[in-house]
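Welcome! Here is a short briefing for anyone meeting this structure for the first time. Take a look at the sequence and the model, then read on.

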Amino acid sequence: MASIGKIARRTFLVGAAAIAGGVAVGYYYYRKPYPNPLDNELAEGETTFNPFVKIAADNTITVIAPRAEMGQGVATSLAALVAEELDVPLEAVTVEHGPASWAYFNSAMFAEGGPFAFYDEGMVAELARDAMGGLGKILGLQGTGGSSSIRDGFDRMREAGAAARAMLVAAAAARLDVPIAELATRDATIHHLPSGRSVTYGDVAAAAATMDVPASVALKDRKDWKILGRAQKRIDMLAKVTGAPIFGIDVDLPDMLYGTVRMSPRFGAKPIRFDLSKAEKMPGVVKVVPIDTTYGAGFGVVAANTWAAFRAAEAIDVEWGPSGYPADSAAIASALRTALDGGAGSALRDDGDVDTAFADAPRERIVEADYEVPYLAHACMEPMNATARLKDGVLELWSPNQMPTITRQLCAGLAGVDQEKVKVHTTYMGGGFGRRGEMDFSMYATLLALETDGRPVKVTWTREEDIRHDVYRPAAAGRFRARLGEDGMPAAVDMRIAAPSIVASVLKRTFPSLSPVGPDKTISEGAHDQPYSIPNYRVSAIPVDISVPVGFWRSVGNSYNGFFHECFLDEIAAAAKVDPVAMRRRLMADYPAAVKVVDKVAEMARWGEAVAPGRARGFAFTLSFGAWVGEIVQVADTPSGIRMEKMWIAADVGTAIDPGIIEAQLISGAVYGLSAALGQEITFADGIVEQSNFHDYDALRIPQCPEFEIAILENFHRMGGAGEIATPPAPAALANAVFALTGRRVRRLPLAGDFAFA
Amino acid sequence: MRLTVNGTAIEIDADPDMPLLWALRDLAGIKGPKFGCGIAACGACTVLIDGQPVRSCSLPVGGVDGEVTTIEGISAGGTLHPVQQAWLEEQVAQCGYCQAGQIMSAVALLEAVAEPTDAEIDDAMAGNLCRCGTYPRIRAAIRKAVALKLARA
């Protein structure tokens, strides 16, 4: 991997949000704790111990889980961390997202932001992790992404629970006039065993909050866990099976108006001619106004109800300007291929001497392949929306978002109020997948709230606006070559990956005055950081300047590099006539956690044994977000097309906080990847996205969904993520299975372009 | 305009062309049915009209001529419907946005077929999209709901 010398010549690219956040809060220094945002929000009788715990006199215990709950179960698992150390049952806890606050910074989201592989524990990598993690704290960036929430909260949330418990016990000791050592806690009650007396947490909460915060707390040993490590009942399940109005789109406020937007379908283009008169005269319409932001230009409609707003938006007569990027998919693909032909790019992995290894390679020992993948939309089930009210100099936002502090910052700017005058209510989210880390939907709601004289306005996008105004998973192309050694193993591998830079795109729309520095590691992540030892091994990232907005899509660059890397290894194995799983085991020999994952999934699927006639299997592995994941897909040839029958997944997450939720996330991530691999693509004609709704941008339906068998391993000594980790290997495992079934190697997604699927 | 929703007659002042979904959500304040696509392609808005599953996003409210049941109307007297109970026990929902529609489709299925086969489950649920990939647990929950319903009967 990267040597100190190579690293020293590079500048780390921290990520747009981090650089940008520094503008606002860079004066905070590393050790200084942020003020507790709950201090200003306590209800009558409530006491707060730290930004994560509130206890009321009636023994109501509230835990703040300050991460976006978009389905991944984070509210449940973060609350479980606190409940475990507070010694209260999870069912006894009320969970809230809490306000936007720097106190809820996410360090773990940044800790892996450097160009180091997860298994690289050398001094430079570790120093970088400390520095980047510290940066997350300094910037005070509250965000959900990078499969980081539990890694970030594992210590902090448990310490918050333990510290509150220690203060409650100290207060009880004073109240009962007994030594602390004679007290025990159970079910939110403190018992004095010798006398049989007890007090509830609520009884002593107010007194406890005045106690000194302990300088350090001892956390429970894992063997003493009662909640963690076990599947819990999700705290949001009852609301979700009863249709409770918990999502952003369900927000209902007194005197509320409804709105929508119609933005330029060509990114970066403005209206060059428009006539609003027809739209303005439609029934129920209050106002139609131009909108112009860093996200795009267009129009907002305010109306008496959502349907009236939709109809009026459709009735706007407008001609849009031209696009500033290649106008159709063929031209975009051509730009990517041209980039592969061109410059060297940034080699984030460069082991051995690749050029020399290929210089004298005989033709028959060379394997070469070009791959490509299309843009993808997130297509969250809940279309983008937000509600805003600007009244008496206070901007209030109800926003299903993954980035509360940046949302607050940018919307404050639009409304012309200080950040302290912005309240962000983060609702439950009907899917996120990275899309809700953007600010556009909150910004548009803010702009329309400037037009409604203090009345709140809920701004809901149509599905068509949502699909056509996403920040897409980048289209990407890769050129791969390998030299086979005499033993059938790859002696040299050279991988070149070209894609638009996500970080550059994010900066342009969020903090356009800033320029990105250094290579964008998202271009080659999932390829340059995999646990394989190959003597000559180079992976280069080539940024391509195409101004279609791109963003973080579940598993980011891993989503396509998992496909590229693992299909190409499958090609190498096929060319060398080596079993692809056996080949992985040999290449991974330096990484025992990886080998154990491969062994486990192979054992579950009985890899190597004869498969029933008309069936075949494919294997793939990706290390992403600190988790090691192997997947095997079995496909069958049926009269109505190729059917995905079964999928086996083994994942090493280091420490599994909630195996039930992790299992759900593994299936979820895999289905997300399979959906893309099978049928999804965003294409362009005349600078406009051609797809618009689920009829032409669909996802897996229940009849197509394979059966799953899951194993969760805990071998590696550091914790990994869960939410995104099963997505990267899924397309490759499927494509490799389809190759095994048909003998046809297809190097372009989606596969439905080349094969019929049942 | 008069509608019967969850056993209660309600009066709403709606353009008859307005989809039932928006009449329920914006005018009647019934938020269980969700907006997902507006073209009857995802099933998030599924409600029952006289027991039949209908995509409320694509049905003009003026054309409704039966009793509308939304997810708010299936748990009588504070007891969860067996389908909801099964969803709870199998821990089906992730983001949860599509689940009201999934549950309504499953309720309709089990009214029509007491013990559906796997193929019948797939057929009945194919119109309900879930982006979180909860399908394996949906299948398990429907099988459990069959058992719960038989036990209650």
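In chain A, the C-alpha centres of domain 1 and domain 3 lie 40 Å apart. Please keep in mind that this is a predicted model. The points below go through the domains of chain A, its cores and helices, and then chain B.

**Domains of chain A**

- The domain assignment of chain A gives domain 1 (33-106 + 141-241), domain 2 (248-323 + 384-460) and domain 3 (329-376 + 472-753).
- Where domain 1 of chain A meets domain 3 of chain A, 16 residues of domain 1 are in contact with 17 residues of domain 3.
- On the domain 1 side of this meeting place, α3 (74-86) and α6 of chain A each supply at least two residues.
- Sorted by class, that side of domain 1 of chain A has five nonpolar, 10 polar and one charged residues.

**Nonpolar cores**

- As a bit of background, nonpolar side chains in soluble globular proteins tend to be buried together.
- How many residues does the largest nonpolar core have? This core has 294 residues, and those with the most contacts inside it are A:V63, A:A79, A:L168, A:I649, A:A651 and A:L734.
- Helix α6 (residues 149-176) of chain A gives the most to this core, namely 13 residues.
- Another core lies apart from the largest one; it has 16 residues, including A:A108, A:M109, A:A125 and A:M132.

**Helices of chain A**

- Helix α6(A) packs against helix α7 (residues 201-208) of chain A at an angle of about 95°, and the two axes are 8 Å apart.
- Because of that angle, α6(A) is roughly perpendicular to α7(A).
- From α6(A), the residues A:M167, A:L168, A:A170, A:A171, A:A172 and A:R175 meet A:Y201, A:V204, A:A205, A:A207 and A:A208 of α7(A).
- The residues of this contact between α6(A) and α7(A) divide into 10 nonpolar, no polar and one charged.
- Elsewhere, helix α16 (residues 502-510) of chain A is mostly covered, with seven of its nine residues buried.
- Which residues of α16(A) are buried? They are A:I502, A:V503, A:S505, A:V506, A:L507, A:R509 and A:T510.

**Domains of chain B**

- Chain B is assigned domain 1 (2-73) and domain 2 (76-152).
- The C-alpha centres of domain 1 of chain B and domain 2 of chain B lie 20 Å apart.
- Between these domains of chain B, 15 residues of domain 1 are in contact with 12 residues of domain 2.
- Strands β3 (46-49) and β4 (52-55) of chain B each supply at least two residues of the domain 1 side, and β3(B) gives the most to that side, with three residues.
- By class, the side of domain 1 of chain B that touches domain 2 of chain B has eight nonpolar, six polar and one charged residues.

**Where the chains meet**

- In the interface, 43 residues of chain B are in contact with 49 residues of chain A.
- The helices α1 (20-27), α2 (82-90), α3 (99-112), α4 (118-125) and α5 (135-152) of chain B each supply at least two residues of the side of chain B that touches chain A.
- That side of chain B divides into 26 nonpolar, 11 polar and six charged residues.

Conventions. Residues are numbered from 1 along each chain as its sequence is written. Chains are lettered from A and ligands numbered from 1 in the order in which they are written. This is a predicted model: local features need pLDDT of at least 70, side-chain atom pairs count only at pLDDT 80 or more; totals for chains, interfaces and linings use all residues. A residue is buried if 20 or more other C-beta atoms lie within 10 Å of its own, exposed if 12 or fewer, and partly exposed in between; C-beta atoms are placed from the backbone. Helices (H or I, at least four residues) and strands (E, at least two) are DSSP runs, numbered from the N terminus. Two residues are in contact if their C-beta atoms, placed from the backbone, lie within 7 Å. Ala, Val, Leu, Ile, Met, Phe, Trp, Tyr, Cys and Pro count as nonpolar, Asp, Glu, Lys and Arg as charged, and the others, Gly among them, as polar. A nonpolar core is a set of buried Ala, Val, Leu, Ile, Met, Phe, Trp, Tyr and Cys residues joined through C-beta atoms within 7 Å. Axes are lines fitted to C-alpha atoms, for helices over the stretch in contact, and angles run from 0 to 180 degrees between N-to-C directions. Angles under 35 degrees count as roughly parallel, over 145 as roughly antiparallel, 65 to 115 as roughly perpendicular and the rest as oblique. Domain bounds come from an automatic or database domain assignment.
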